[in-house]
Amino acid sequence: MKAMQLTKTGSVENGCLELRDIPVPQPKDNEILVKVSVCGACHTDLDEAEGRLAVSQLPIVPGHQVVGTVAEKGKNVSKFNLGDRVGITWLYWACGECAFCKTGQENLCEHAQWTGKDANGGYAEYMVIEEEFAHPLPDGFTDAQAGPLLCAGVIGYRTLRLAEVQDGQTIGLYGFGACAHILIQVIKYQLPNSPVFVFTKTERHAQLAKQLGADWTGRSGDIPPAKLQKAMDFTPVGECVRDALAVLQRGGRLIINAIRKETPVPALQYDTYLWHEKEIKSVANVTKADAEQFLPIASKIPIRPTVEEFPLEAANEVLVKIKHSRLKAAAVLRIS
């Protein structure tokens, strides 16, 4: 089968991924073989390729926003039938036995494995996964539209849940790429009375935010029309943490949705940025429940991600576009 494998880490401009012919994986008793239709590409894939997020092995097939159909299944599989359309998220596997797993917090399992990082992902014609970590996809969106929902959408939904926003509270979104452009559609549906202020560095993203209902747009560091009661930071930029806290209302909450920050969070003077019961909380990965809850909501709204589509062979080019913010919103690789 065709696959784009990460064979070395380094600058993506030098082409870290190679198109190779590798064996089709065989599903074990509890696994399904998925014929991949599309796979989304995101900033996490870029971090893996450039070595900021260590993969478990090289070579490895990246990709964790996988849409496809069940081509074969192990003898114990009962959740899916052949031909069913499925989606695969960042969560590839969790132990099911630790205290985190037993309370629905597989995202914190110390033994968890992540799709495209610890196991071969969706930059290939086929992949395997245990049936309980694959998700049936509702009707209402195409394969290409479904791709970004499986990472940007699901983790954006988790961010919103952790923010605990009440309708009418003022919301700030820092960064307006794949994740935030999906999340604003959820906010406008579930919290119609909440003003949404978007902080983004590009005019292209600002225009998209306005089209999707943003009440104001500016750059990180700008002063919005009102203080924020809930802020969500989707950027790899440390300064955005300081900027969000500077305009956060007393008792407000900042949720940081990032595996890592490419630039340090600046020193924060306590009484200026953190006093008055301001809160900071991070988002770590996703759970099975996040996907199970979010995907039906996405179909009902319905969410329509802004997607640019590329052939599998263009994976290196797509990662370069992500690195330099040259995408309008989200990207998917068309596999088959």
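Start with the charges: select the Lys and Arg side chains as positive and Asp and Glu as negative, leaving out His and the chain ends. The mean positions of the 36 positive and 39 negative charges are 4 Å apart, with each charge placed at NZ of Lys, CZ of Arg, CG of Asp or CD of Glu.

A word on what you're looking at: this is a predicted model, where local features need pLDDT of at least 70, side-chain atom pairs count only at pLDDT 80 or more, and totals for chains, interfaces and linings use all residues. Residues are numbered from 1 along each chain as its sequence is written, and side-chain values use heavy atoms, with hydrogens and water left out.

Now show the whole protein as a cartoon. You'll find nine helices and 17 strands, taken as DSSP runs numbered from the N terminus (H or I, at least four residues, for helices; E, at least two, for strands). The C-alpha trace spans about 60 × 40 × 35 Å along its principal axes.

Switch to contacts, meaning heavy atoms within 4.5 Å. Of the contacts with a separation of 6 or more, 73% are between residues 24 or more positions apart.

Next, colour by burial: buried is under 20% relative accessible area, exposed is over 50%, and partly exposed lies in between (1.4 Å probe, protein chains only). On that scale, 56% of the 336 residues count as buried.

Select 178-190 for helix H4. Its 13 residues reach 19 Å from first C-alpha to last, close to the 18 Å expected at 1.5 Å a residue (that's 1.5 Å times one less than the number of residues). Buried residues here include Cys-179, His-181, Leu-183, Gln-185 and Ile-187.

Where are the cis peptide bonds to look at? One joins Leu-58 and Pro-59, with omega about 0 degrees; Pro-59 sits in the loop between helix H1 (43-49) and strand E4 (66-73). Another joins Ile-301 and Pro-302, with omega about -15 degrees, and Pro-302 is in the loop between helix H8 (288-300) and strand E16 (307-311).

Last stop: the loop between helix H7 (270-273) and strand E15 (279-282), where you'll find His-276. His-276 isn't a glycine, yet its phi is positive at about 65 degrees. With 28% relative accessibility, His-276 counts as partly exposed. Glu-277 is in that loop between H7 and E15 too, also a non-glycine with a positive phi, about 60 degrees. Glu-277 has 69% relative accessibility, so it counts as exposed.
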